[in-house]
Amino acid sequence: MPEPSPLPADHPLLALLRRHQRVLLAGAPGTGKTTLAAAAATALARRGVVCRCLTADPGLPGFGPPGAVALGVWRGAGWHPERLAALCSLDAARFRLPLVDALRRLASHCPPGPLLIDAPGVVRGAAAAELLLALAGVGDARALALLVPAGSAAPLEDECRALGLPGHHIAPAAEARHPGKLARKQRRSAAWQAWLDGAGEQALTLDGLAVLGTPPPRSAPPAWRDRQVGLLDARGETLALGEVLELTADRLRVRAAAPSSAVAAVVIRDAHRAPDGTLATAPRHRQAQPSAALPELTRALPPATVGGGPRPVVRLERAVATLVNGVFGDPLLHLRLRHQRRSLLFDLGDAGRLPARLAHQLSDVFISHAHFDHIGGFPWLLRSRIGAYPPCRLYGPPGLAGHVQGLISGVLWDRVGDKAPRFEVAELHGEWLRRHALVAGRAPEALPSRPARAGLLLAEPGFCVRATRLDHGTPVLAFAFEPHAEARVRKARLAARGWPPGPWLGELKRRMLAGQADAPIQPPGGTPLPAASLAAELLEMRPGQRLVYATDLGDTPDNRRRLQALAKGADTLVCESPFLEAEADQARRTGHLTARACGEIATAAGVARLVPFHFSRRHAGDPRPLYDEIRSRYPALAIPADDGQ
């Protein structure tokens with residue numbers, strides 16, 4: 001590999017390094033951060049100055065193997081890893097807490113001198129905001145260099161200001177560009193294969209070892225095969241990074257370099273060798289559920305359906321979702337939050353099945369668009385909210401406030417007084433929410449707009465809801481309910497320690513979920529320990545189960561791309577499927593999907609469960625052809641049964 005061209009002496013990045021030593025280098029994918037870091041290191045080396053780098057993108061690091069982060073020093077014409085931390089995932093955003101903890105360990109070994117922190121190209125949403133602040137903290141960054149293409153808005157402006165670091169916006173090189181998903185996957189896979197070349201086979205007995213990360217259950221040995229695995233010592237330092245060959249009983253065979261000391265723990269997450277030989281993210285493993293666990297998703301389809309047909313019910317860890325009007329009726333998905341007297345609705349078609357008391361528990365309603373079958377149940381909500389209730393929040397595409405106000409204005413409100421129904425309506429315009437206060441009997445009032453980066457509509461301590469815009473001949477929103485990560489106590493390990501459960505475990509969970517890995521936690525009868533140390537032994541960190549709801553969209557490349565991005569890796573996709581492929585002309589004319597397209601989108605997004613609905617009533621007598629066509633593209637489809645209501 002030829003030596004990179006050095007930066008000119010007056011380059012702003014070199015000025016930041018001379019003045020501040022530790023610089024966080026951030027920017028969108030394809031802006032050339034890694035190339036710029038190498039060019040800066042080359043310029044310093046020519047002056048006899050040693051430069052180091054923390055590469056923080058496990059998906060395609062600047063040096064070292066993918067699936068890991070590394071601390072390296074520039075020698076000759078390239079970076080040479082000094083220390084490695086196995087993440088065993090390619091997803092910096094999803095596993096940002098372990099990523100930050102790994103980088104903290106590496107940064108603690110960095111000697112004085114210039115240090116570049118090469119951030120992953122995550123610049124949108126809550127994950128990007130949290131990563132930027134965390135990387136600056138763990139790397140002890142003293143300055144920020146942000147790569148921003150000419151004419152583009154700088155990402156994460158509020159977060160950059162919050163850092164309070166001196167910084168500089170740097171224009172990317174003219175030749176800098178995103179390599180594309182295929183080229184990135186090929187480069188990552190080639191780097192991984194090169195890392196494994198020459199590695200031997202190691203055999204480990206799992207009993208007595210700590211198994212960290214998010215491993216599949218031991219009852220599913222095939223799910224372990226081809227996963228990345230990190231071998232750690234008793235201090236949590238990475239000894240080797242390799243690939244699982246086989247799990248048999250309590251023995252794990254791996255392909256990895258021989259560890260230099262005793263292995264005390266292994267870490268496994270979701271990076272694996274895909275069937276085509278590429279290094280990719282494995283779909284989340286799902287154990288087969290007995291038929292009694294979800295009868296509404298596994299019973300055979302009855303010979304015929306009546307009314308709205310089958311009414312699928314999806315049970316998630318944080319919520320229960322019900323298609324109130326069945327697969328043929330008006331779209332209305334009721335999401336009841338577990339352990340709370342609170343509900344969310346996605347779309348508001350015919351609400352005749354819903355009791356008024358449910359309306360009193362509604363906090364938020366997400367409306368895809370204002371066609372009648374998606375908003376026709378609003379009068380039920382309007383009447384049910386007469387009383388001393390807080391405003392109910394409605395979210396939807398541009399124009400929603402006018403449609404809602406029109407429905408309210410069709411009623412005379414001269415006798416409700418201070419018990420008039422109240423609503424806050426938020427319309428998604430690009431990455432901003434334009435908000436309106438609507439009170440029955442009064443003139444609408446504009447509220448301050450607020451940002452909705454990456455489609456973020458609602459963010460709460462336990463979950464958030466995002467949206468993406470689709471096209472149905474009119475703007476339509478698809479929604480994602482995204483619970484935050486969960487921390488579960490490993491009870492066997494707690495018992496082995498002899499520690500009783502108590503409030504200290506709740507504090508440990510809160511600290512870890514808040515990203516406060518260094519916070520001291522006092523276990524019973526022991527000395528305070530960092531939260532990260534206790535969590536590595538006692539907690540299992542699991543991502544929340546995401547549910548995506550999408551209906552009324554044409555089968556266009558842009559709609560597919562947007563919906564697949566929103567639904568990628570989701571636990572459940574609730575998606576419309578009105579027509580058969582033989583009725584594709586009708587689907588195109590009306591801006592809807594075919595059953596085939598629905599199955600293809602679910603497969604491309606890698607969802608664990610697909611719930612098709614919004615079937616055309618022309619198939620009410622026999623929906624089997626719709627299910628058969630979906631299953632031809634999504635073989636894991638489970639068919640719901642009529643609940644008899």
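Here is a friendly conversation about strands, sheets and helices in this structure.

Student: Before we start, what kind of model is this, and how are its residues numbered?
Tutor: This is a predicted model, in which local features need pLDDT of at least 70, side-chain atom pairs count only at pLDDT 80 or more, and totals for chains, interfaces and linings use all residues. Side-chain values use heavy atoms, with hydrogens and water left out, and residues are numbered from 1 along each chain as its sequence is written.

Student: Let's begin with strand β1; how many of its residues are buried?
Tutor: Helices (H or I, at least four residues) and strands (E, at least two) are DSSP runs, numbered from the N terminus. Buried means under 20% relative accessible area, exposed over 50%, and partly exposed in between, with a 1.4 Å probe and protein chains only. In a regular strand the side chains alternate between the two faces of the sheet. On one side of β1, Arg22, Leu24 and Ala26 are buried, and on the other so are Val23, Leu25 and Gly27, which gives 6 of 6 residues.

Student: Which residue in β6 is the bridge partner of Leu25?
Tutor: Two strands pair if DSSP finds at least two bridges between them. β1 pairs in the parallel sense with β5 (residues 115–118) over 4 bridges, and Arg22 has Leu115 as its partner there. β1 also pairs in the parallel sense with β6 (residues 143–147), over 5 bridges. In that pairing, the partner of Leu25 is Ala145.

Student: Why is α3 described as roughly parallel to α4?
Tutor: Axes are lines fitted to C-alpha atoms, for helices over the stretch in contact, and angles run from 0 to 180 degrees between N-to-C directions. Angles under 35 degrees count as roughly parallel, over 145 as roughly antiparallel, 65 to 115 as roughly perpendicular and the rest as oblique. Helix α3 (residues 96–107) and helix α4 (residues 125–138) have axes 10 Å apart and pack at an angle of about 15 degrees. That angle makes α3 and α4 roughly parallel.

Student: How many charged residues are in the contact of α3 with α4?
Tutor: Contact means heavy atoms within 4.5 Å. From α3, residues including Leu99, Val100 and Leu103 meet a set in α4 that includes Leu131, Ala134 and Leu135. Ala, Val, Leu, Ile, Met, Phe, Trp, Tyr, Cys and Pro count as nonpolar, Asp, Glu, Lys and Arg as charged, and the others, Gly among them, as polar. By class, this contact has 9 nonpolar residues, no polar ones, and a charged count of 3.

Student: In the open sheet containing β8, which strands are the edge strands?
Tutor: This sheet has 6 strands in the order β8-β12-β11-β10-β13-β9, with mixed pairing. Each edge strand pairs on one side only, and the two are β8 (200–205) and β9 (210–213).

Student: Which residue in β13 stands opposite Gly213?
Tutor: β9 and strand β13 (residues 265–268) run parallel and are joined by 4 bridges. Opposite Gly213 stands Ile268.

Student: Now for Leu457; is this residue buried or exposed?
Tutor: Leu457 lies in strand β25 (residues 456–459). Leaving aside neighbours within four places in sequence, its contacts include Phe366, Tyr395, Leu428 and Phe479. With a relative accessible area of 1%, Leu457 is buried.

Student: What is the order of the open sheet that contains β25?
Tutor: β25 and β34 are its edge strands, each pairing on one side only. Within the sheet, β26 (residues 463–471) and β27 (residues 475–483) pair in the antiparallel sense over 9 bridges, and Arg466 has Ala480 as its bridge partner in β27. The 6 strands, with mixed pairing, follow the order β25-β26-β27-β32-β33-β34.

Student: At what angle do the axes of α18 and α19 cross?
Tutor: Residues of α18 such as Ala595, Gly599 and Thr603 meet a group in α19 that includes Leu626 and Ile630. The axes of α18 (residues 595–605) and α19 (residues 624–633) come within 7 Å, and they cross at roughly 35 degrees.

Student: Finally, which residue just after α18 takes a positive phi?
Tutor: Several residues of α18 are buried, among them Cys598 and Ile601, and what covers the buried ones includes α16 (557–567), β33 (572–576), β34 (609–613) and α19. Just after the helix, a positive phi of about 70 degrees is taken by Gly606.
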